[in-house]
Amino acid sequence: MKNFYLLVLIALLSSCNSTKRVKQNLLSGNYYEAIQMAVEQLQKGKTNNKTQEQKLLLKEAFKKYKDKKTDQIKFWQKEDDYKNAEHIYTAYLDLKKVQNQIKPFLPMQHPDRNKPLKFDITDYSGKILQSQDQYLSVLYQDAQNLISPNDQLACRDAYSKLEKIQNIDPNYKDVEMLKEDAYQMGLEFVYVKAYNDTNKVIPKPLLSELLDFDTFGLNDFWTVYHRETQDNINYDYDIVIGFQSIIFSPERVIEKERSIQETIEETGYQRDRDGNILRDENGDKLTYTKEIQAEGTLQTIRQVKSVQVTAKVEYFKLPDDQRTATHNMNSDFVFENVYGDFSGDERVLNDQEVDIINNKAVPFPSNEQMLLDAGDDIKNRLKRILKRNKIGLH
């Protein structure tokens, strides 16, 4: 019973608070918010006095919302541009939406009088169609005027407007064709090339990997990167990757020897003088544990070879061939193989040391193979430079 009264109290407080919030929104001119809160309370289907009060608040909020929207529409109708046309069209849609939220509760009985509570419901179908036609017409004309082979930004704006038209009417006039024209004229094309200014040979597979922009994720909707020029395209930018130096270290073999001593626990079976295993009264074998000093000598042999690659990434704005940015790139790759030999009690070795003595010597990689192995690091560093400094109109 105590819980029941608590729930009733919470419900009453919630109802009071919601009514208060609706009134606050009305006073603040937030009529749409007031309507949403009142509708939410009516949807709960309660019949207490506070819910009844929501009906009067809903009627007042709806009237003020409708008057406000009507005044705005009259103001926007004074100037014929696509923004105002959009506002008018959206306003009629909003009015219809709000009315559709209220209609399920109609007819609504006045809480204090024995008569219906009247709501001024209007059929906006004609207004919506008329304002939609006007909006699409103005939007279409604006898009047509913006499409120009000499203004990429304007073409992108035109494309955006044409998409808005298609979202409302997918079959409107020749919008699909105009969109393709706007898209092609709004694209930026970037030609990326690499050159070798070192005295070393760069393997062709590596250069091919470095210029594989499909794996870089650089292409976006308005920017396309090419590694080979196409005759029918006027490029907006050149990106030039210049390899300046490639330095290989000598092949080195580094040997180290160290003694290892560890106190370890040794476990075994207890035996008599004749070597027989001793047993207890139950017949179980007797064991022993003792600490012993184990030792040995580990010889570690490291094969090491490295390559350092430096390059310069330059951006050039076309057609003037004006350099707009320069970025330096450094990449280091190290080949290392560790193996070894051990003499002594192998129980002193840890897992890493066991791996070392189980490993073997391998041939040093060639310089070409070193560059190919360094390719992932070079590509990742180049990718970071290109992604941080993406080309694009702003």
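## Overall dimensions

The radius of gyration is taken over C-alpha atoms, and the globule rule is 2.2 Å times the number of residues to the power 0.38. By this rule a compact globule of 394 residues would come near 21 Å, whereas the chain has 40 Å. Along the principal axes, the C-alpha atoms fill a box of roughly 115 × 85 × 35 Å.

This is a predicted model, in which local features need pLDDT of at least 70 and side-chain atom pairs count only at pLDDT 80 or more, while totals for chains, interfaces and linings use all residues. Residues are numbered from 1 along each chain as its sequence is written, and side-chain values use heavy atoms, with hydrogens and water left out.

## Composition and burial

The chain contains eleven helices and eight strands (DSSP runs numbered from the N terminus: helices H or I of at least four residues, strands E of at least two). Of its 394 residues, 38% are buried (under 20% relative accessible area with a 1.4 Å probe, protein chains only; exposed is over 50%, partly exposed in between).

Among contacts (heavy atoms within 4.5 Å) with a separation of 6 or more, 73% join residues 24 or more positions apart.

## Helix 9

Helix 9 spans residues 351-358, and its buried residues are E353, I356 and I357. Seen down the helix axis, these fall within an arc of 90°, so they line one face (the arc is that of the directions from the axis to the C-beta atoms). Their cover includes strand 6 (252-269), strand 7 (287-317) and strand 8 (322-344).

The face turned away from the buried side carries the exposed residues D351, Q352, D355 and N358. At the start of helix 9, a side-chain oxygen of N350 lies within 3.2 Å of the backbone nitrogen of Q352.

Methods. A polar contact is a pair of N or O atoms within 3.5 Å; within protein, one must be able to donate a hydrogen and the other to accept it, and residues adjacent in sequence count only if both atoms are side-chain atoms.
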